[in-house]
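Me: I would like to learn how to read the packing in a model. Please take me through it feature by feature.

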Amino acid sequence: MDALDAKYPFFATAREAVADAAVSLPELVAADAPAVERARERVERALMDGTVASESGAFPAESAYDAQAELLSYPVARILVSLLDSEPAIEKYAAAEAATAIDRIREDLATDDELRSMSTPTVALDDVLAEFDLADAVRPESPRSDARAGGATGGSGATATGAGGAPGRDPEHYWIAVGPYLRLTSPSWGESWRLVNRALADGEVRVSREELLDALEAAVADRVREGLPFELAAGEGIAAELESGVADLKRLLSERTYAGPVDVVAPDLFPPCMRNLIDKAERGTDLSPPESFALMAFLVGIGMSPDEVVAFCADTSLDAEGIRYQTEYLSDDRGTQYPPPTCETLANYGICHNEEDHMQVAADPLAYYETRVAEADEITDWRERNATAGEAENGPEEAGESEAEAGSE
Ligand code: SF4
């Protein structure tokens with residue numbers, strides 16, 4: 001089996017490779033083949049750490065699994081996640097597959113031609129675009145569109161330096177047809193993603209290379225989510241064979257469920273990663289989707305309601321509608337399955353710089369914050385300060401009304 005199919009198991013060629021191999025998944029599961037062990041790891045890492053990369057090392061060079069186990073682990077993982085019977089688990093799994101795929105694509109694009117032609121199996125951006133029917137919808141910026149970018153109305157794109165420049169292997173900017181742009185991106189990612197704030201000309205939207213990768217990440221997540229959950233009769237066939245693996249995953253999820261949010265909002269005690277993200281947003285800089293997810297998951301994780309998060313982020317680059325969308329989703333009844341990403345994951349995204357080596361202290365920002373809250377002598381909750389300030393500004397009656405409104409939600 002092809003290592004490239006194993007790296008990108010959601011590609012059409014990979015699905016064909018699985019079909020051509022005529023492997024019986026029930027037999028594989030019954031034999032507890034390495035693909036099954038890897039599938040369990042895949043789902044566990046997705047739900048716990050937001051990645052599906054193997055802990056044994058990067059595929060293919062360092063991983064303990066060969067191409068066959070890696071590739072076949074994907075369809076088995078999809079069965080496992082279906083058996084978890086949880087919509088948030090499917091969302092998290094799809095997001096983790098997409099995040100890992102984009103990390104691999106980013107590495108592939110950075111691989112130099114010499115290495116590419118030797119043994120390392122890599123994809124080119126054109127391959128990825130073609131895979132998602134975007135070959136005709138995305139093109140690198142040319143000097144002609146440079147001129148248009150300078151002249152087009154709009155926010156971030158129009159004010160870009162225009163240095164994106166010459167078409168070539170690594171252009172800095174691309175133009176994407178407006179239909180796919182709207183389908184693959186979301187205003188909830190931040191103000192700069194709104195069409196009104198974009199350079200737009202001749203039905204095309206200007207995006208940076210990183211933004212194009214963000215859109216492709218959404219395309220991968222859509223592809224992974226497609227068809228899930230499978231309809232499987234519990235206790236029969238492959239579902240019966242996977243029962244203990246599913247039970248282990250459910251147990252892990254419930255162990256990861258917090259006893260209850262710490263329910264104190266003390267920004268002075270927030271871990272450095274979260275303080276850095278808040279500072280960045282307060283300077284008016286847009287947060288990337290992983291940054292914004294990490295921050296929202298943390299704020300919801302400490303017990304803040306969507307209204308409180310909106311008020312807390314009022315003077316930042318984050319827009320109220322986007323905050324509401326994300327936090328309401330995270331505050332879902334089963335939102336405990338969306339714990340904030342771990343310190344390890346945040347380090348991979350460059351969000352954590354492990355200040356003062358405090359990764360030694362906690363596995364995730366919420367656990368770190370809980371420790372600091374427990375150690376603090378005296379804490380004034382930001383919500384109390386905010387309510388007092390609101391009373392001073394609006395008078396006690398109005399402040400009382402808005403609190404009651406918030407409480408009744
Ligand atoms: S070690 Fe964890 S809590 Fe500390 S800054 Fe990094 S991600 Fe945040």
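The dialogue below goes from the whole chain to single residues.

Me: What should I know before starting?
Reply: This is a predicted model: local features need pLDDT of at least 70, side-chain atom pairs count only at pLDDT 80 or more, and totals for chains, interfaces and linings use all residues. Residues are numbered from 1 along each chain as its sequence is written.

Me: How many helices and strands does the chain have?
Reply: Helices (H or I, at least four residues) and strands (E, at least two) are DSSP runs, numbered from the N terminus. Here there are 21 helices and four strands.

Me: What share of the residues is buried?
Reply: Count other C-beta atoms, placed from the backbone, within 10 Å of the residue's own: 20 or more is buried, 12 or fewer exposed, in between partly exposed. Of the 409 residues in the chain, 38% are buried.

Me: Which residues does A58 contact, beyond four places in sequence?
Reply: A contact means C-beta atoms, placed from the backbone, within 7 Å. A58 contacts A53 and S63.

Me: Which residues touch the most other members of the largest nonpolar core?
Reply: A nonpolar core joins buried Ala, Val, Leu, Ile, Met, Phe, Trp, Tyr and Cys residues through C-beta atoms within 7 Å. The largest has 68 residues, and V43, V76, L80, Y93, A98, I176 and V220 touch the most other members. At least three of its residues come from each of domain 1 (3–123 + 229–255) and domain 2 (125–222); the bounds come from an automatic or database domain assignment. A second, separate core of 31 residues includes A281, M296, L299 and M304.

Me: At what angle do α6 and α11 cross?
Reply: Two packed helices are described by the angle between their axes and the distance between the axes. Axes are lines fitted to C-alpha atoms, for helices over the stretch in contact, with angles from 0 to 180 degrees between N-to-C directions. The axes of α6 (residues 87–110) and α11 (residues 209–225) come within 8 Å and cross at roughly 135°. Among the contacting residues are A98 of α6 and V220 of α11.

Note on methods
Two residues are in contact if their C-beta atoms, placed from the backbone, lie within 7 Å.
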